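Colleague: I have this model open and would like to talk through what holds its side chains together. Can you put it up on the screen?

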Amino acid sequence: MSLPIKTVAATGTSSGVGFEAIKQLLSQTAQPYKVVIGVRNAVKTQEAYNALDYDSSVHSLVILPLDLSDLETVRLFGQRTLQHLGSCKIDFLFLNAAANQGVEERPSNGQSKWTESYIVNHLAHHYLLHLLRDKLVESQSRIIFTSSGAVAYGDPATLDKDLLAGSGASAIPTLYIQTKFVQLLGVHWWRRQLDGSCKVLAVSPGLVPDTALGRLGGLRSADEKTVAEGGASLLRAFTVDDFGDDPEAVFFTSWGEWWSKEVYRKTLDRELQDKWCPSREEIENGTC
């Protein structure tokens, strides 16, 4: 008897560790998947997935346009995803996309006061969750954010300044760290909002130098991961089931364990979580 199809909706899977994670997912044939991904360059991404030669009799892949720096395309992606899935559940929402633009660069709509990295790395995904919320609750989905151990160095005291377009904050490391810090605030906020309905967790792929983001940072480490290892680290979050009794333990390491809360202690502040997690109305009215 064949297994029922599981559905994945994803961002950030056109290249790097996100692409690798979906590649590994499609390479197995025991569990069939329907995968819906949002990307900037649909033609190039389609070519990349066609080259994988995965078994399309087992899996299906749908590629939809999405530019996370433009919240209107986020709204359209959410709408099209729901239309495409129809009565199907969303078993997994995989939020992997990340940007590391300079702080002088505003989002493509040119209207936000925030830097593009903040929009892409946090606000757009946060908005997408609002858009899909009813479906996620109905589906009892697992929501997976790609995070980083760099959140340990986040500074909540300077978030308001650092994340503004034109603030002068460096792309690496300041802006990357601060946007990932805010993203993890969002992980905790959504975990509280969806408690009892969805599993919400973050996962680190480890330091992967051979990606666009890794090369930009120029970082090296004796513990660095290959792209294949990084993708496998992300996929562990799809199946991990030893959640334990601590609801605040939401951060999974690249080596397959739960990270000590000391790493992300500062993100447990509920006032900070509420401050950086605006409502759907605030986002759509441009008041956040």
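Modeller: A term to begin with: a salt bridge is a side-chain nitrogen of Lys or Arg within 4 Å of a carboxyl oxygen of Asp or Glu. Keep in mind that this is a predicted model.

Colleague: OK. What do the side chains of E262 and R265 do?

Modeller: They meet in a salt bridge, at 2.6 Å from N to O. E262 is exposed, with a relative accessible area of 56%. R265 counts as partly exposed, at 41%.

Colleague: Why is one called exposed and the other partly exposed?

Modeller: Exposed means over 50% relative accessible area, and partly exposed lies between that and the buried limit of 20%. E262 has 56%, while R265 has 41%.

Colleague: How many salt bridges does the count come to?

Modeller: The count is 12. One of them joins the side chains of R75 and E72, again with 2.6 Å between N and O. Both residues sit in helix α3, three residues apart, which is about one turn of the helix. R75 is partly exposed at 28%, and E72 is partly exposed at 38%.

Colleague: What about K275 and D160?

Modeller: Their side chains form a salt bridge too, 2.7 Å from N to O. K275 belongs to helix α9 (residues 270–275) and D160 to helix α5 (residues 159–162), so this pair ties together parts that are 115 residues apart in sequence. K275 is partly exposed at 48% relative accessibility, and so is D160, with 36%.

Colleague: Which residues are linked in a network of salt bridges?

Modeller: R40, D67 and E116 are.

Colleague: New topic. Which residues touch the most other members in the largest nonpolar core?

Modeller: That core has 55 residues, and V74, L93, I143, Y264 and W276 touch the most other members. Several elements supply at least two residues each, among them strand β3 (60–65), helix α3 (71–85) and helix α6 (171–193).

Colleague: Which element gives the most to this core?

Modeller: Helix α4 does, with 11 residues.

Colleague: And what does Y264 touch?

Modeller: Leaving out residues up to four places away in sequence, Y264 touches V151, L184, H188, E248, A249, V250, F251 and W259.

Colleague: Which residues does the second core include?

Modeller: That separate core has 29 residues, including A10, L61, F238 and F243.

Technical notes:
Residues numbered from 1 in each chain as written. Predicted model: local features only at pLDDT ≥ 70, side-chain atom pairs only at ≥ 80, totals over all residues. Heavy atoms only, no water. Core = buried A, V, L, I, M, F, W, Y, C linked by side-chain atoms within 4.5 Å. Buried < 20%, exposed > 50% of the residue type's maximum accessible area, 1.4 Å probe, protein only. Helix = DSSP H or I, 4+ residues; strand = E, 2+ residues; numbered from the N terminus. Contact = heavy atoms within 4.5 Å.
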